[in-house]
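Student: I have a model on my screen and would like to understand the labels attached to it. Could you go through them with me?

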Amino acid sequence: MFKGRNLVIATKHEKEKVIAPLLERALGVICFVQEGFDTDTLGTFTGEIEREEDPISTARQKCLTAMELSNCDLGIASEGSFGAHPSIFFASADDEFLIFIDKKNNLEIIARELSMETNFNGKEIETEKELFDFAESVKFPSHGLILRKSKNDNSVIIKGITDTIKLKEAFQKLIDKSNTVYAETDMRALHNPSRMTVIENATKKLVDQINSCCPQCNVPGFGVTAINKGLACSLCGSPTNATLSFICKCQKCDFKREDIYPHKKTTEDPMYCDYCNP
Ligand SMILES: [Zn+2]
Ligand SMILES: [Zn+2]
């Protein structure tokens, strides 16, 4: 279905370095990047342009725009979000979505990778010593830094700082005008190897999902579309909030399959039972 076809990667931050080799090997596609397409128009991490839509809609829009500009019917785009982990307190997370669109076959396949392997951080800085301590804590210089006047000030933003000399220069330039500067991690993929790895893992997931075909009509992208709760308590047998089954549904035909006990667990600990441990 994909062999020998061109596939456009919507990125200006070198994500093709990890995405292209995996897709070319797995699907036999020929990857290219749409030159001159500025993905920043749909939002930047540094806040000059706010992202207006949710990450999946943004990734879809990026992908469709690149496909249109390059006149290509196969495309991929990614969108990352950073912040507090949704379920683990005091942890930062990198939440990456990848979208794969095939207009010729009317397919859309999405993969998500939520990872705690991120250096995402920011701090108000007063002295050069503080700056270098912060830099070391966020894996500088292998990972880039950004300096600005203050956390929400977009007037002067110095991005992509990847060596000590530039870091000192940027700090001097900003500290001359005020008492503090704000230092933060540069989350653009090309300046952030940790993020690049998360995107690589998301791509592997996407490939697995593309290679999973519907048992009835053989269309790619057969995967989990819903999660059923209700795993029985091992003591009293009442349904709990734990996962009982995954529902897999085909995008094309109506084929549906329920995979029971997807976590290889047939009962839940009474500790998590609302009846045994209210
Ligand atoms: Zn099907
Ligand atoms: Zn119980």
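Predicted model: local features only at pLDDT ≥ 70, side-chain atom pairs only at ≥ 80, totals over all residues.

Student: What does the secondary structure of the protein come to?

Tutor: The protein has five helices and 12 strands. Its C-alpha atoms fill a box of roughly 65 × 55 × 30 Å along the principal axes.

Student: Where does Cys-248 lie, and why is it called buried or exposed?

Tutor: Cys-248 belongs to strand β11, residues 243-249. Its relative accessible area is 4%, and therefore Cys-248 counts as buried.

Student: Which residues is Cys-248 in contact with, leaving aside its neighbours within four places in sequence?

Tutor: With those neighbours left out, the contacts of Cys-248 are Phe-222, Gly-223, Val-224, Thr-225, Phe-255, Lys-256, Arg-257 and Asp-259. Contact here means heavy atoms within 4.5 Å.

Student: How many disulfides does the count come to?

Tutor: A disulfide needs a pair of cysteine sulfur atoms within 2.5 Å. By this rule the count is zero.

Student: Let me try another residue. Where is Asn-192, and what makes it buried or exposed?

Tutor: Asn-192 sits in the loop between β9 (181-185) and α5 (193-211). Its relative accessible area is 0%, which is under the 20% limit, so Asn-192 is buried. Beyond its neighbours within four places in sequence, Asn-192 is in contact with Asn-119, His-143, Asp-186 and Met-187.

Student: What share of the whole protein counts as buried?

Tutor: Of its 278 residues, 46% count as buried. The protein exposes about 14,800 Å², and carbon and sulfur atoms supply 49% of that area.

Student: Where do the charges of the protein lie on average?

Tutor: There are 34 positive and 41 negative charges, and their mean positions are 3 Å apart.

Note on methods:
Residues numbered from 1 in each chain as written. Chains lettered and ligands numbered in written order. Heavy atoms only, no water. Helix = DSSP H or I, 4+ residues; strand = E, 2+ residues; numbered from the N terminus. Buried < 20%, exposed > 50% of the residue type's maximum accessible area, 1.4 Å probe, protein only. Areas by Shrake-Rupley, 256 points an atom, 1.4 Å probe, with all protein chains shown as cover. Lys, Arg positive; Asp, Glu negative; His and termini not counted. Charge placed at Lys NZ, Arg CZ, Asp CG, Glu CD.
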